[in-house]
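Trainee: I would like to learn how to read strand pairing in a model. Can we go through one together?

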Amino acid sequence: METVLRPVTVVGASLFLTVLIGWATDVLLRKADERHPETPLWDRLRRARVPYQLVLCAALLRGSYDQAELFEEHRVGVGRTLTLVLIGAAAWLAIRIAGAVVETTYSRYARAHHDAARVRRVRTQVTLIMRVVAAVVGVVAMAAMLLTFPAMRAAGASLLASAGVLGIVAGVAAQSTLSNLFAGLQIAFGDMVRIGDTVVVDGEWGTVEEITLTFLTVRTWDERRITMPVSYFTSKPFENWSRGTPQMTGIVFWQLDHSAPLEAMREKLRDILRQCPAWDGRASNLVVTDSTANTMEVRALVTAKDADDIWTVRVAVREQMITWLSAEHPYALPRVNTSDAVLPPYRVPSPDRHSLRKAYEFPRTGRS
């Protein structure tokens with residue numbers, strides 16, 4: 001009877017203590033969250049309930065397994081399995097806790113600062129820091145798991161003896177990966193590009209959607225995703241429309257006839273911009289920038305607070321100006337001048353010498 005009650009009691013007590021401690025911890029975190037609603041830390045820590053309870057259960061079972069006297073012939077295997085589960089759950093819990101602390105810090109910073117550029121920069125740094133923390137914790141947990149096997153300990157000693165050669169080989173083999181890794185850190189802390197920035201890369205206009213340690217994703221205006229290595233942004237030039245202040249200046253071109261009413265167009269441009277909510281009111285003008293034999297190039301300059309608004313202003317000015325010219329001044333639109341073709345005067349071709357001789361020569365009849 002004791003052989004049955006002992007393992008049931010040990011395992012049951014471990015599970016009961018896991019549930020009880022987990023429930024008590026969750027109640028304390030819930031009360032702390034209600035008492036301090038200004039910070040989301042306690043609510044985010046509650047999301048780590050599963051790895052927390054898994055750590056408790058694995059630790060209790062690992063510590064009390066010898067007293068359970070269960071599966072005596074597989075004592076080493078079961079103990080090593082519980083150790084591996086404990087290490088993995090502890091790594092999971094550490095990542096969740098670090099994520100909760102980092103996200104809480106970022107939320108406080110975002111609420112305290114109203115500069116969108118600085119907030120995006122901190123968001124980029126926080127994202128990359130979390131990825132580095134997760135990678136480091138994962139590597140340490142994997143190394144700890146491997147060191148639980150005696151064979152791996154002997155292999156580790158031999159690997160340490162040849163660490164110099166392996167380091168050189170690994171550095172050569174992972175050259176591109178390491179370059180992308182350092183480029184990602186350079187982007188995060190060098191403030192070159194941030195999540196949410198409007199960029200132009202290889203002629204494609206879009207918004208930076210995700211930055212990792214190895215690649216960067218740009219969401220284009222037509223909802224496509226362009227993924228490229230982060231080393232591209234440290235080795236090649238690109239346009240960042242959100243760098244510094246997001247204010248932008250846009251231009252609109254028309255090819256018009258030389259008789260286009262420029263003063264009336266300037267007045268119409270002012271009317272269009274007054275009715276356009278995307279225009280920020282900083283500047284606007286309309287000038288002739290070029291002229292050809294048939295048309296002249298008219299340029300309108302407008303401003304807006306960011307890249308999205310400048311696009312809205314440009315398309316509104318272009319469309320409304322063309323509609324107004326077509327209705328009020330159709331002669332100002334480009335046209336091709338034509339006229340009826342005039343034929344040259346008719347000229348009698350001058351006869352040649354051979355034809356004159358034939359005309360005046362008498363025909364021969366065969367009589368003298």
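Trainee: Which residue stands opposite Glu210 in β3?

Mentor: First, the ground rules. This is a predicted model, in which local features need pLDDT of at least 70, side-chain atom pairs count only at pLDDT 80 or more, and totals for chains, interfaces and linings use all residues. Residues are numbered from 1 along each chain as its sequence is written, and side-chain values use heavy atoms, with hydrogens and water left out. Strands are DSSP runs of E, at least two residues, numbered from the N terminus; two of them pair if DSSP finds at least two bridges between them. Here Thr217 in β3 stands opposite Glu210. Strands β2 (residues 204-211) and β3 (residues 215-220) are antiparallel, with five bridges.

Trainee: In what order do the five strands of the open sheet lie?

Mentor: The order is β4-β3-β2-β1-β5, with antiparallel pairing. β4 (225-229) and β5 (239-240) are at the edges with a single partner strand each, so one side of each has no neighbour in the sheet.

Trainee: Which residue in β8 is the bridge partner of Ile251?

Mentor: Leu301 is the partner of Ile251, and Asn285 also has Leu301 as its bridge partner in β8. A hairpin of four residues leads from β7 to β8.

Trainee: How many residues of β8 are buried?

Mentor: Buried means under 20% relative accessible area, with a 1.4 Å probe and protein chains only. In β8 (residues 296-304), eight of nine residues are buried.

Technical notes: Buried means under 20% relative accessible area, exposed over 50%, partly exposed in between (1.4 Å probe, protein chains only).
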